[in-house]
Amino acid sequence: MLTFLGFYAVYDQFAGKTLVFDTKLLAWSTVLSIAGLFVVYILSDGLRLYFTLRALGQRVPLKQIFRLVFINIFFSNVTPMATGGGVAQVWYLQRHGVRVGTATAATTIRTVLAVVFIFTLTPVFLLTLEALHNQTLISRISWILAILIVLYLGFFSVVLLRARWLIGPVSRVLKAMRMLHLISQERHIRWQYKCRREMLHFSYSFAIYLQGPKEFVSLSIFFTFLFLISLFSFPALIIAGLGYHVDYIVTTGLLVVTTFVMYFSPTPGAAGISEGVFGSFFSSILTPDHLILVILAWRVVTVYIGMLVGLVIMQLEIAPGKKAREKT
């Protein structure tokens, strides 16, 4: 419903209430180039986590890592601000022998690496891209984004540098749950011990990563960069397939800022908001009749395909007897 509302807002406000399907998008050259970029997108997404785990001294089979890629895409796009993706990754890695603290550190490091790239590039594109200079949307929400950036960076600073500060609040939450009789005394003691242990291990894991094998640390950074480049290149390929002359820097910059806004979207997977922001930004370089088509194609290749695959894999993971079959 949220996605539909986002598309309708673009259709009504930016697309001139026109919607045309252009068969040029189905040309073999376009389909093959988008499919090739999709493969790079998925491979780099998996390898950035794989080498982060290797830097932390963990070896998880690549087969399991790529299953996790799709599970992460699914949960990230059905939970507000993509919060479920991290939880799902920790749950999955824990099922495959990685300690909760280490798994949490790995997924946090993976997120922080991407955030550093996006948060560094966004101000540059906001100041240099002419296509954004007359955007009323940016002028209206700029102060909100500034506050959110400070809060976001502040949270990650605490997580990365002072993770032990979180032990107190977690302990108080568990104590409140015990007082409200939501958990038993025995479970309170057990959970308290496990939380303290895993949070200390989580904090220690960042030092392990920074002091880990340089080749694995470097590869985790490289594949994060490759992942983001492939993600930001989809609009350029789609638009070029429709016959437009593409300024790669402009299309990449517009999508970087779009992704930046999506980080703070409260709707699941930024549904509705991502379509609206994309339509607002790209309306200056696309004709109205192609705008909805490009947005739909972009969401299909970056979100919907991965969500469908992730849903199937998730169902297989939680199928009755799955763990028993793995043990045998």
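Student: How do the axes of helix α2 and helix α9 cross, and within what distance do they come?

Tutor: Axes are lines fitted to C-alpha atoms, for helices over the stretch in contact, and angles run from 0 to 180 degrees between N-to-C directions. In this predicted model, the axes of helix α2 (residues 28–55) and helix α9 (residues 214–241) come within 8 Å and cross at roughly 160 degrees. That makes α2 roughly antiparallel to α9, because angles over 145 degrees count as roughly antiparallel, under 35 as roughly parallel, 65 to 115 as roughly perpendicular and the rest as oblique. The crossing of α2 and α9 is left-handed, a term used if the near helix is turned anticlockwise from the far one by less than a right angle, with right-handed used if clockwise.

Student: Which classes of residue make the contact of α2 with α9?

Tutor: Contact means heavy atoms within 4.5 Å. As for the classes, Ala, Val, Leu, Ile, Met, Phe, Trp, Tyr, Cys and Pro count as nonpolar, Asp, Glu, Lys and Arg as charged, and the others, Gly among them, as polar. Here, the contact of α2 with α9 has 18 nonpolar, nine polar and three charged residues.

Student: At what angle do helix α4 and helix α5 cross?

Tutor: The axes of α4 (residues 83–95) and α5 (residues 100–128) cross at roughly 135 degrees and come within 9 Å, and that makes α4 oblique to α5. Gln89, Val90, Leu93 and Gln94 of α4 meet Val100, Ala103, Thr104, Thr107 and Arg110 of α5 in this contact, and by class there are four nonpolar, four polar and one charged residues. The crossing in which α4 passes α5 is right-handed.

Student: Is arginine 110 buried or exposed?

Tutor: Buried means under 20% relative accessible area, exposed over 50%, and partly exposed in between (1.4 Å probe, protein chains only). Arginine 110, found in helix α5, has 4% relative accessibility and therefore counts as buried. Not counting residues up to four places away in sequence, arginine 110 touches Asp45, Arg48, Leu49, Asn72 and Gln89.

Student: How many helices are there in the protein chain?

Tutor: The protein chain has 13 helices and zero strands, where helices (H or I, at least four residues) and strands (E, at least two) are DSSP runs, numbered from the N terminus.

Student: What should I know about the numbering and the values?

Tutor: Residues are numbered from 1 along each chain as its sequence is written. Because the model is predicted, local features need pLDDT of at least 70 and side-chain atom pairs count only at pLDDT 80 or more, while totals for chains, interfaces and linings use all residues, and side-chain values use heavy atoms, with hydrogens and water left out.
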